[in-house]
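Please look over the chain shown here. A short report on its parts and contacts comes after it.

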Amino acid sequence: MKKIAVLTSGGDAPGMNACIRAITKYCLNQNMECIGILDGFDGLIKQRSTNLNYDDVNNIIQKGGTILGSARSKEFQTKEGRKQAFEYLQQLAVEGMIVIGGNGSLTGAKIFGDEFNVPIIGIPGTIDNDIFGTDHTIGYDTAVNTVIEAVDKIRDTASSHKRVFFVEVMGRDSGFIALNAAIASGAESVLIPEEVTDIQALVENIKEFNKGKRGSIIIVAEGDDAGDALTIMKKVKPFLPDYDLRTTVLGHLQRGGNPSAYDRIIASRMGIKAVELLVENQTNLYIATKGGKIITQPIDYATQKSGAPNASKLEVIEQLRTKK
Ligand code: F6P
């Protein structure tokens, strides 16, 4: 293999640049060419790319976002769009492609690889951590750290003013960020899509844990079945007329920022592994982490099921809740 392409797709995630850097440098060190496709699958269809050299990836390991740009491409979901994308890859004489992205991106990559017989390797890059078969996705660790930094600040106001804050975090349909940020920030309660939310139980909890505390934090995953943080706050308000309830939506601040050490490390290791696999003519695989090791699995494994957080971790919140 002499020439490969890399693209980032879906929501940007901190650590994507570290991964692009690793892929580029490792490729060049193997005397291979590395083409960066701009703006995800959209860039393939619209014929936008750049030759990546050492200079392009110097000084990016610490940067959030993605230097290649990203997109959620509607056109790539059509057969015609994918055909155009393939024609551009042929024009570029690219022999294999690495796709860094979330669930939707890996699914698109798999379909594309099957349809046009393009060697594809997937790398899980999403703050949501919802890709099946991997302990961690690139960007997740940074996002959790960003959330706990924000919650630490919100707690100052919560305890100064005796307020109950409903803090909404990202994660689409998955509670990874919510659950782990809740444990790490000492939240009094957490609501995740994987568990049915019982509003009455939540009301009783709020009454209970506020006996012993000046303020409290409830982390709400954006995909919770009872609604978003504001909706949930409005549902409990009639039962808690004397409580000062507030909502904060952390939104996209969770997606940006310098990647954590952990994200930089897994991104670098995954990037090298992806190039190695293409060199060995392996395809239809994705890279994952398992117990600190970098492993590879069939891409089907990632796209047919969705990852869910370890629900037993909910017990940690329960076990550490103030009960007086
Ligand atoms: O998949 C990452 C993510 O940040 C989700 O947590 C969130 O639901 C979604 O992307 C938001 O997407 P967008 O930035 O396109 O609104």
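## Basis of the report

This is a predicted model: local features need pLDDT of at least 70, side-chain atom pairs count only at pLDDT 80 or more, and totals for chains, interfaces and linings use all residues. Residues are numbered from 1 along each chain as its sequence is written, and side-chain values use heavy atoms, with hydrogens and water left out.

## Two domains

The chain is divided into two parts. Domain 1 covers 3–139 + 259–304, and domain 2 covers 142–255. These bounds come from an automatic or database domain assignment. The C-alpha centres of domain 1 and domain 2 are 34 Å apart. Domain 1 gives 13 residues to the contact, and domain 2 gives 10 residues. Contact here means heavy atoms within 4.5 Å.

## The interface

The size of an interface is often given as the accessible area lost when the parts come together. Between domain 1 and domain 2, about 1000 Å² is buried. Carbon and sulfur atoms give 47% of that area. Buried area is the accessible area (1.4 Å probe) that two parts lose on being put together, summed over both.

The rule finds 5 residue pairs in polar contact across the interface of domain 1 and domain 2, both residues at pLDDT 80 or more. By class, the side of domain 1 that touches domain 2 has 4 nonpolar, 4 polar and 5 charged residues. A polar contact is a pair of N or O atoms within 3.5 Å; within protein, one must be able to donate a hydrogen and the other to accept it, and residues adjacent in sequence count only if both atoms are side-chain atoms. For the classes, Ala, Val, Leu, Ile, Met, Phe, Trp, Tyr, Cys and Pro count as nonpolar, Asp, Glu, Lys and Arg as charged, and the others, Gly among them, as polar.

## A salt bridge between the domains

How many salt bridges does the rule find across the interface of domain 1 and domain 2? It finds 1. A salt bridge is a side-chain nitrogen of Lys or Arg within 4 Å of a carboxyl oxygen of Asp or Glu.

Asp 12 and Arg 255 form a salt bridge, with the N and O atoms 3.0 Å apart. Arg 255 lies in the loop between β9 (244–249) and α10 (261–279), and Asp 12 in the loop between β1 (3–8) and α1 (16–29), so the pair ties together parts that are 243 residues apart in sequence. Helices (H or I, at least four residues) and strands (E, at least two) are DSSP runs, numbered from the N terminus. Arg 255 counts as buried because its relative accessibility is 16%. Asp 12 is partly exposed, at 21%. Buried means under 20% relative accessible area, exposed over 50%, and partly exposed in between (1.4 Å probe, protein chains only).

## Other salt bridges

The count comes to 16 salt bridges by this rule. One of them joins Lys 110 to Asp 114, at 2.6 Å from N to O. Both residues lie in helix α5 (residues 103–116), 4 residues apart, about one turn of the helix. Lys 110 is buried at 15%, whereas Asp 114 is partly exposed at 43%.

Glu 208 and Lys 211 also meet in a salt bridge, at 3.4 Å from N to O. Glu 208 is partly exposed at 28%. Lys 211 is exposed at 58%. Asp 42, Lys 46 and Glu 75 are linked in a network of salt bridges.

## Positive phi angles

Most residues other than glycine have a negative phi. Asn 59 has a positive phi of about 65°. Asn 59 sits in the loop between α3 (54–57) and α4 (79–92). It is exposed, at 54%.

Asn 284 also has a positive phi, near 60°. Its place is the loop between α10 and β10 (285–290). Asn 284 is partly exposed, at 24%.

## Two buried residues

Ser 174 lies in the loop between β6 (163–169) and α7 (176–185). It is buried, at 2% relative accessibility. Leaving out residues up to four places away in sequence, Ser 174 touches Asp 128, Asp 130, Pro 193, Glu 194 and Ala 221.

Leu 179 is in helix α7. It is buried too, with a relative accessible area of 0%. Beyond residues up to four places away in sequence, its contacts include Val 190, Ile 192 and Pro 309. Leu 179 and Ile 20 are 159 residues apart in sequence, and their C-alpha atoms are 29 Å apart in space.
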